[in-house]
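Subject: Handing over the structure

Hi,

Here is the structure I promised to pass on. Have a look at it first, and then read on for what turned up in it.

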Amino acid sequence: MPTKTLQIPTADGRADAFAAFPGDGERYPGVLMYADGFGIRPVLREMARELAGHGYYVLVPNYFYRHGPAPVVELPEYIGEEARGAVFAQVMPLIEAHTAERVLRDADAFLTFLAAQPEVGPGPVAVTGYCIGGLLATRTAVAHPDQVAALAAFHAPVGADGPDSLARLAAEVHFGHAESDLTPDDLGELNQGLDAAGVGYTSEIYSGTVHGFTMSDADAFDAAALRRHWDRLLPLLGRTLDRGGELGRSRR
């Protein structure tokens with residue numbers, strides 16, 4: 001699976017990024033993947049390669065590039081309970097500094113760059129994200145309804161901007177929530193916002209999970225929930241992206 005390390009021009013500098021894609025010379029639908037708050041690291045690269053193997057060009061930008069190239073903070077190989085507090089102490093100031101205005105400026109640059117890659121075919125793209133990256137993915141989809149056909153976010157604070165913020169969504173949506181992240185009442189309020197937006201969606205709590213369940217390098221990891229994540233994500237992309245359905249089925 002070919003991969004590249006890239007530099008994305010933005011209004012505020014250059015964001016380093018990781019890309020994975022099939023290496024047969026064809027063009028594929030584009031997917032913008034936002035990492036969780038721990039950033040680009042081996043587990044994210046592996047997830048990007050996994051998704052690319054189903055027939056997609058996957059771009060993973062370092063959205064903390066204003067603070068340096070990835071990894072912006074030093075991470076242990078495994079983010080267990082003993083390491084988590086110290087890591088969060090480094091990451092939280094970066095998250096707090098990453099304002100909605102910065103997110104939207106970067107989203108313009110990331111989508112423009114993704115569409116311009118020679119391995120990316122014409123047509124709409126998808127955005128997906130994990131943890132805080134799921135909120136970034138949601139803001140990107142809301143701001144670019146004409147470009148984003150699919151939105152997926154996992155263990156993510158997707159309702160942080162309020163249910164009314166979803167009104168401009170045009171993408172088909174899947175939200176996979178950790179049981180520890182929101183109550184059934186919170187889920188109902190979020191889903192009412194999606195209903196009001198008139199979009200096709202699934203938004204569900206993954207039973208028995210805690211925040212971070214997709215990340216195999218952390219103690220929150222849940223292998224069954226990760227499989228469920230793929231079982232939701234791949235059909236979503238197959239339905240919404242040009243050629244994605246045929247390629248996705250042929251490569252599973």
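One term before we start: two strands are said to pair if DSSP finds at least two bridges between them. Also keep in mind that this is a predicted model.

In E4, Tyr57 is the bridge partner of Gly30. That bridge belongs to a set of 3 that join strand E3 (residues 30-34) to E4, and these two strands run parallel. To get from E3 to E4 the chain passes through helix H1 (residues 42-52), and this β-α-β crossover is right-handed.

E4 also pairs with strand E2 (residues 13-20), this time antiparallel, through 4 bridges. Here Ala19 has Leu59 of E4 as its bridge partner. In general, strands of a sheet pair through backbone hydrogen bonds, either parallel or antiparallel.

Now zoom out. The sheet is open and has 8 strands in the order E1-E2-E4-E3-E5-E6-E7-E8, with mixed pairing. At the edges are strand E1 (3-10) and strand E8 (201-206), each of which pairs on one side only. From one strand to the next, the twist averages 20 degrees.

On its other listed side in that order, E3 meets strand E5 (residues 125-130): they pair in the parallel sense over 4 bridges. Val31, for one, has Ala126 in E5 as its bridge partner. Helix H4 (residues 132-143) packs on the sheet and touches E3, E5, E6 and strand E7 (172-178), with its direction at about 155 degrees to that of E5.

- H1 has Val43, Leu44, Met47, Ala48, Leu51 and Ala52 as its buried residues. They pack against E2, E3, E4, E5 and helix H6 (223-240).
- H3 (residues 100-116) lies across E1, E2, E3, E4, E5 and strand E6 (148-154), running at about 130 degrees to E1. Its buried residues are Val103, Asp106, Ala107, Ala109, Phe110, Leu111, Phe113 and Leu114.

Beyond its neighbours within four places in sequence, Ala17 is in contact with Lys4, Thr5, Leu6, Ile8, Leu59, Val60, Pro61 and Asn62.

Gly188 sits in helix H5 (residues 184-197). Its relative accessibility is 29%, so Gly188 counts as partly exposed. Gly188 and Glu204 are 16 residues apart along the chain, and their C-alpha atoms are separated by 9.8 Å.

Last, a word on confidence. The chain has a mean pLDDT of 93, and 96% of its residues reach 70 or more. Over residues 244-252, though, the pLDDT is below 50, and this stretch has 19 contacts in the model beyond near neighbours in sequence.

Over to you!

How values were computed:
Residues are numbered from 1 along each chain as its sequence is written. This is a predicted model: local features need pLDDT of at least 70, side-chain atom pairs count only at pLDDT 80 or more; totals for chains, interfaces and linings use all residues. Side-chain values use heavy atoms; hydrogens and water are left out. A crossover is right-handed if, with the strands pointing away from the viewer, the path from the first strand over the helix to the second runs clockwise. pLDDT is the predictor's confidence in each residue, from 0 to 100. Contact means heavy atoms within 4.5 Å. Buried means under 20% relative accessible area, exposed over 50%, partly exposed in between (1.4 Å probe, protein chains only). Axes are lines fitted to C-alpha atoms, for helices over the stretch in contact, and angles run from 0 to 180 degrees between N-to-C directions.
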